[in-house]
Amino acid sequence: MSKDIKVVVLGLTSVGKSCLVQRFMYNNFEHTVMTVGGAYSCKRIQVGNNEVYLGIWDTAGTERYEAVNRSYYRRARAAIVCYDLTNLSSLDKVTFWVEELTHNEPNIDIYIVGNKLDLIQEGEKRQVTQQQVDEIANKYNAVTLETSSKTGENINLLLQTIAENFVKKYPNEVQGGGNVNNNSNNNNGSGSVNMNSNSKKSGGCC
Ligand SMILES: Nc1nc2c(ncn2[C@@H]2O[C@H](COP(=O)(O)OP(=O)(O)OP(=O)(O)O)[C@@H](O)[C@H]2O)c(=O)[nH]1
Ligand SMILES: [Mg+2]
């Protein structure tokens with residue numbers, strides 16, 4: 001049995017939303033242009049005995065597209081709300097989107113994701129602490145993770161966790177149940193992540 005899950009990616013411009021989607025979809029890190037409107041991608045992953053199709057809407061981070069983004073997150077089951085670990089002001093936009101999502105899509109699962117982890121590992125100053133992020137996450141019952149689209153760290157883990165948590169939360173929507181091994185707090189990229197062999201660029205999606 002397969003299941004389509006709509007996922008929306010939100011956050012300030014340049015925090016790395018498109019790079020995150022590109023890394024997940026094609027396992028590369030290439031030059032991206034500023035997103036205009038929204039861009040859709042779909043990929044199949046395996047959760048236990050179930051096929052899950054993640055239909056991902058990558059949105060534009062500039063303010064003039066905020067109204068448009070509301071149409072992209074409508075009826076989404078999960079939201080990846082991104083900030084840049086080297087840019088404190090990008091956290092304000094996280095609060096903005098998380099509040100808006102909680103108000104308009106109260107059942108949505110929220111993942112607050114700190115991008116550009118590689119820059120911190122290379123010695124660039126961290127501007128956003130885990131404590132600051134936890135304050136928001138605790139308030140809105142969100143999962144947090146730090147990722148790098150450049151190195152690929154935690155990108156597959158993030159999307160696999162979204163799919164696994166969905167199957168756990170809505171077993172009746174995904175026939176067959178499956179064995180779900182949720183490693184949502186495991187930041188080392190190991191464990192239940194098994195993505196690439198199941199990749200698919202089109203078809204069967206939301
Ligand atoms: N070092 C590093 N740079 C990154 C990473 N992710 C994105 N970038 C860079 O950040 C810039 C913006 O990336 P995008 O993915 O286009 O940002 P965006 O959030 O989609 O921006 P908008 O489409 O304008 O909303 C680009 O120069 C990327 O190369 C990362 O993980 N590490
Ligand atoms: Mg973009």
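1. Strand 2 and strand 3 make a hairpin with 2 residues between them, and in its turn Gly48 has a positive phi of about 55°. Strands here are DSSP runs of E with at least two residues, and helices are runs of H or I with at least four, each numbered from the N terminus. This is a predicted model, in which local features need pLDDT of at least 70 and side-chain atom pairs pLDDT 80 or more, while totals for chains, interfaces and linings use all residues. Residues are numbered from 1 along each chain as its sequence is written.

2. Strand 2 (residues 38-47) pairs with strand 3 in the antiparallel sense over 10 bridges; pairing requires at least two DSSP bridges. Ala39 lies opposite Asp58 of strand 3.

3. Strand 3 (residues 50-59) is largely enclosed by the rest of the structure, because 8 of its 10 residues are buried. Buried means that 20 or more other C-beta atoms, placed from the backbone, lie within 10 Å of the residue's own.

4. The largest nonpolar core holds 51 residues, and Leu54, Ala79, Val81, Tyr111 and Ala163 have the most contacts inside it. Helix 6 supplies the largest share of this core, 8 residues. Such a core is a set of buried Ala, Val, Leu, Ile, Met, Phe, Trp, Tyr and Cys residues joined through C-beta atoms within 7 Å.

5. The axes of helix 1 (residues 17-26) and helix 6 (residues 155-169) come within 9 Å and cross at roughly 85°; axes are lines fitted to C-alpha atoms over the stretch in contact, with angles from 0 to 180 degrees between N-to-C directions. The two helices are therefore roughly perpendicular, a term covering 65 to 115 degrees.

How values were computed
Chains are lettered from A and ligands numbered from 1 in the order in which they are written. Angles under 35 degrees count as roughly parallel, over 145 as roughly antiparallel, 65 to 115 as roughly perpendicular and the rest as oblique. A residue is buried if 20 or more other C-beta atoms lie within 10 Å of its own, exposed if 12 or fewer, and partly exposed in between; C-beta atoms are placed from the backbone.
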